Amino acid sequence: MSLALLMSGCAVTSTDSGDDGSTGSDELGGSITIACGAMEDWCQAMTTAFTAETGVQANFVRLSSGETVARLDAARDNPEFDVWHGGPVDGFGAARDAGLLEAYDSPNAAAIPDKYKDADHYWTGVYVGALGFCSNTKVLDELGVDVPESWEDLLDPKLKGQISTAHPSPSGTAFTTLWTQVTRLGGEEEGLEYMKKMHNNVLQYSKSGTAPGQIAGRGEVAVGLVFSHDCVKYQEEGLTDLTVSFPKEGTGYEIGGVALVKGSKNKTAAQAYIDWTLTAEAQNIGPTVGSYQVLTNPDAAVDDRMVKLEDVEFVDYDFVAAAAAKPGLTARFDAEIAAQPKE
Amino acid sequence: MSTTLPTRTEQDAEKPTGELVLRDVEKSFGVGENRVTAVDHINLTVKPGEFVTLLGPSGCGKTTTLRMIAGFESPTSGSVLLDGEDMLRLTPDRRPMAMVFQSYALFPHMTVFDNVAYGLKLRKVPAKQLKEEVGFALASMGLTALADRAPNQLSGGQQQRVALARAMVVKPKVLLFDEPLSNLDAKLRVQMRLEIRRLQRLLGISSVYVTHDQDEAMSLSDRIVVMRSGRIEQVGTPDEIYRTPESVFVADFIGRANFLDVTEASTSSREGHADITVLGQRMSARAHRDAVAAPESVLLVRPEAIRVRRFAEGDDKVAGNHGRVLNAVFYGESVEYEIETEVGTIVAVVSDPVYDEIVPVGDLVGISFDPERAWLLPAAS
Amino acid sequence: MTISNATVPRARRFSLRSRETPLDLTTRIAVVLVVLILGVLIVLPLVNILSSAVSEQGLAVFNSIFSSVNLQVLQNTVVLGVLVGAIGTVIGFLLAYVQVRLDFRGKKLLHLLALLPIVSPPFAVATAVITLFGRSGIITRDLLGITPTLYGLPGLTIVLSLSFFPAAYMNMLGLMRSLDPSLDEAAASIGANKWRTFVTVTLPMLVPGFASSFLLLFVEAIADLANPLVIGGDFTVLSSRAYIAITGEYNVGAGAAYSLVLLLPGLLVFLIQRYWATRKSVVSVTGKPAGRPAVITSIPARIVLLTLSGLLALLIVTIYATVIVGGFVKILGINNEFDLSHYRYVLSGIGSDAMITTTALALIATPIAGVLGLVIAWLITRKLRRGRALIDFLGMLGLAVPGTVLGIGYALTFNKPLGFGNVAILPALAGGGAVLGGAIAIVMVYVIRSSPSGQRSGVAALQQIDVAIDEASASLGASGVTTFRKVTLPLIRPALLSGLIYAFARSMTTLSPIIFITTPQTKIMTSQILSEVDAGRFGNAFAYCTILIVIVMSVIGLLNLFVRDSSVPKAAGLSSATIN
């Protein structure tokens, strides 16, 4: 009995392949595996749609960017993944530097604005998210604090223990927050100085970048620092006390990427997947499962719940510099801030 | 595996077997400075059907010796042979022996019947025969009514009977007993040792029995092995051990003893005797072969060999031939005196005393003994 | 004399060695097999991790380990381990004591409640505790009007103690049920009152139980990753530090180094515990069973004990009620509308795949882990002298090594075929490209993580059984294996059962090593729950947890029927210790 269960348990977990050959091109076949850095339901919707479209079986594992790099590195000689889809591109940069990615200039990438692409084609952007404040209005009312409108507002002593942000080591989101300060204030020292001041108001540095949104949503803290689309998703899911705001001094943003894993065993299908993710059709799937990132394909649909990038003040975010500074900066953050006692 | 075990039928066909030989067996623990020799080169032969008891104070190596025979310990050197076959090559389960433990060691998850049947099942005895043999074993121990009980529903005596039945039913060539009666009360102990002896005689199985209880040893054994500090002090029949002990240790350990100082000792014209002066008297007493040559020797006189009489006015007062009664205990079948004399305190037991003749505490008594019932032996070095 | 002195002892030592009680063939085969299995399951991955740890990045961590930050992390870890070990052991002891020495209605229920956290997936207790007792908790804020901060040491201590105490409970329960009550009676008879008897006789007898419970909990607490991730606050422990290093800093070397540090306290406690166990050996089952333990009738004692355990029971019930209810409403505590969408989400697609896969793999691993643990226990308590400590140690390593390390070690080791030179001995076992979609590596992790619990309970049970019982069997002609099968095994059946149950529940609920080796083809429930908690969808997480609990409970029920058979006389003292 156990054996039978095992066999069924190991059956490849994906939607049925379209063996009737509806739209699948002739060369495509087999299956591909995707390391997916976005929300679970987003990943599922993407792979399901791709399989329906091409007949190629697409499986995914949801992983944070840190985990993805670790696993790609561990399985360098025998890669288990073909494509990395979703998640901030600073992680992609690290993977590229470690020689884990393969450059691929997708024909569909032409449609994507250059600012959302790696110059060497190691990754291509599929969505954009703006870092924002995800506040719980009920808690703020109780504290007698207004919805924060600037980074300085977060230093209000009334917010002691009322801010949740992630740890920049495992979380791409939190690193975006950190690098935003560095860019905004003009240097690593200044950026860390700001984080040090905010430290007194932080309840905990969570490991997951999206967690602060739900911690705020459930009223554990007043403000969570997350990408605004994650905050919107929590609102949609019923955490209705949440409201999004952006700092007037300028905020950071992420580009969610897609990339080809070096040594992929099914390169043709993997490339087909990447081509597909850059189409407006594929990108439009996001909003149907509650993910309201801004899409990189200009032809993709725009939803009211997406942040209007032109309304938000951005800092001049340098992804290459960010990726290069990441290991040193996070280590400093860990040593000089996260582990320090609060006043 | 179980086919190599002797079965009952095989054994019945042969003439009595079970000659157990320990040759130069040594057991040491530890290395270098910490090396302790628990059993020091002992030699012993147990004849087929013989009941031999290892007797000695705790720590004398008797249990270690038994466990080496059983195979639970390995000798450091020497050999253990059974009917000429080297036992040391065999793990305990391959040795045709069965052991009865002090703690009974019944299998708590099995009924009485299953406990007894265990060894036979291992020998693949057919079901019908198994039932018969277990039934017979249970019946002979008076356990038939308890066959379906669990061990923890039995009294200590009943548990030990089960353990005994369990060991005997497999018809081993050698039965090993590790102080099996020490957890039982005195009356039950007496009853059980009679039963052990009866069954052992009936089955004719060579037996090695470990105890520190001399009564048990005396009543059970064909021969007793007195051990001390890993060595054998003496091997002999209960009678020999009691009457002609090899050493002061044995004399002292078995029964009770008065040791009288001997001032002069010389070879007697009588075979096995020596001329000595004791309690101021010259006499010829039975003697250990080395007693005369020894620098010092003592005379062993058992309490029951001492004669006690009221001291009359005109009697000679020679040193040691008289004393004052310190204590007198009436046991019914005997009176025991503690008598203070000029050569020390002497214990005397007078059996079946006439009431009038019991000497009260504080009175002066005369002491004497029959030299034929005394035993001269070298003093302890 | 002087010359012979120099040579004789050496010769004797040699002869001593050559004449050790010969091991029978089966024992020798068992030793070889066990060493081989442990070698592949734990030593190899560790060696790989070790070689990563002595890489440049790893050495940097070692150099900085006494810097204030890392020292703080180290201290945090030890403090957490000690607190959880102590509190969990006390809770386990209290409930076990009440179970054995008190008569009251609902005893069976209390027993089941005490076992409930074993089957609890990671996050279940943590998320429920946040929902109930957090700043906006249903109880704290809505009922009591307070907003305590759980994040950090207080929350971790509460959650980990509540999650792990069942290990101590089962350990103590087995031990107390097999204690010889005549010892208590003996103490009472020489004039000790109940309290003195308890303090001077009962407690010392339980010292090995306390020690091994503490060990288990300490090691589990410091190795736990899931809870520090969710409610650790700014209280960083070694496991979360290692996780950050590996997943955040992409620094496997540093992560491996942190986990080696993590290994140290675990090993230290293990050694201390060994010292205790060997110094104070309490053998009290002799095959000469005595009566039943005396029931406590003193009214004040009853009131205190029952109140305490009642409160604990209430807490456990509330937590699990939260988990169950949370799966059926929109967002518990915020929008309490009845809603089946969580179950719809969980039971369709990925969710149901994960359920089947996880259960199947755990079912395969459980008997293997149980048998492995027991065989090791048997070897080290009964068969081996030389090398016993080593095998004991290797067997326990699976528990002492933090899951994160194990996971990375497995990924490093089994993602590629294993062999010497060009000769492949094992194909790739882990990762998406491996045989059976990496399922074998997951089963291996389950086995090595679970077998220590079988080993521990096996050792505890075997130490309680008089060696004379084994010897009696041998002297009646039973070989080592036969004795094990016919005598030892039935006597340690309760330990076997609790070992199996624990193994299964552990497999079903283990997370940290799995994160690194789940593959697209083998989705594991716990890592699915992590995604849900991560994304803040507590409702889905609660639904997953509930289903997981139901699965584990059903299998435990079946195991109970399966492992317990009726051929044992009912009155046999030991069989009453069966966990049921």
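The legends below describe close-up views of a predicted model.

In this predicted model, local features need pLDDT of at least 70 and side-chain atom pairs count only at pLDDT 80 or more, while totals for chains, interfaces and linings use all residues. Residues are numbered from 1 along each chain as its sequence is written, chains are lettered from A and ligands numbered from 1 in the order in which they are written, and side-chain values use heavy atoms, with hydrogens and water left out.

View 1. The largest nonpolar core has 361 residues. A nonpolar core is a set of buried Ala, Val, Leu, Ile, Met, Phe, Trp, Tyr and Cys residues joined through side-chain atoms within 4.5 Å. Buried means under 20% relative accessible area, exposed over 50%, and partly exposed in between (1.4 Å probe, protein chains only). The residues with the most contacts inside this core are Leu154(A), Met198(A), Leu176(B), Val208(B), Tyr169(C) and Tyr410(C). A contact is defined by heavy atoms within 4.5 Å. Strand β3 (residues 83–88) of chain A pairs with β1(A) and with β10(A). Helices (H or I, at least four residues) and strands (E, at least two) are DSSP runs, numbered from the N terminus. Two strands pair if DSSP finds at least two bridges between them. Strand β3(A) is mostly covered, with six of its six residues buried. Three bridges link β3(A) in the parallel sense to strand β1 (residues 31–36) of chain A, and here His85(A) stands opposite Cys36(A). Strand β10 (residues 253–261) of chain A runs antiparallel to β3(A) and is joined to it by four bridges; Ala259(A) in β10(A) is the bridge partner of Trp84(A).

**View 2. Two residues other than glycine, His121(A) and Asp83(B), have a positive phi.** For His121(A) the value is about 65 degrees. His121(A) lies in the loop between β4 (101–102) and β5 (124–136) of chain A and, at 33% relative accessibility, counts as partly exposed. For Asp83(B), phi is near 50 degrees. Asp83(B) belongs to the loop between β4 (77–82) and β5 (85–86) of chain B, and its relative accessibility of 33% makes it partly exposed.

**View 3. Helices α3 (residues 112–122) and α5 (residues 156–168) of chain B pack with their axes 7 Å apart.** The angle between them is about 25 degrees, which means that α3(B) is roughly parallel to α5(B). Axes are lines fitted to C-alpha atoms, for helices over the stretch in contact, and angles run from 0 to 180 degrees between N-to-C directions. Angles under 35 degrees count as roughly parallel, over 145 as roughly antiparallel, 65 to 115 as roughly perpendicular and the rest as oblique. Val112(B), Asn115(B) and Val116(B) of α3(B) make the contact with Val162(B), Ala165(B) and Arg166(B) of α5(B).

**View 4. An open sheet of five strands in chain B has the order β16-β20-β17-β18-β19.** The pairing is antiparallel. Strands β16 (306–310) and β19 (344–351) of chain B stand at the edges, each with a single partner strand, so one side of each is left without a neighbour in the sheet. On average, neighbouring strands are turned by 45 degrees against each other, direction ignored. Within the sheet, seven bridges join β17 (residues 322–330) to β18 (residues 334–341) of chain B, and Val325(B) has Ile339(B) in β18(B) as its bridge partner.
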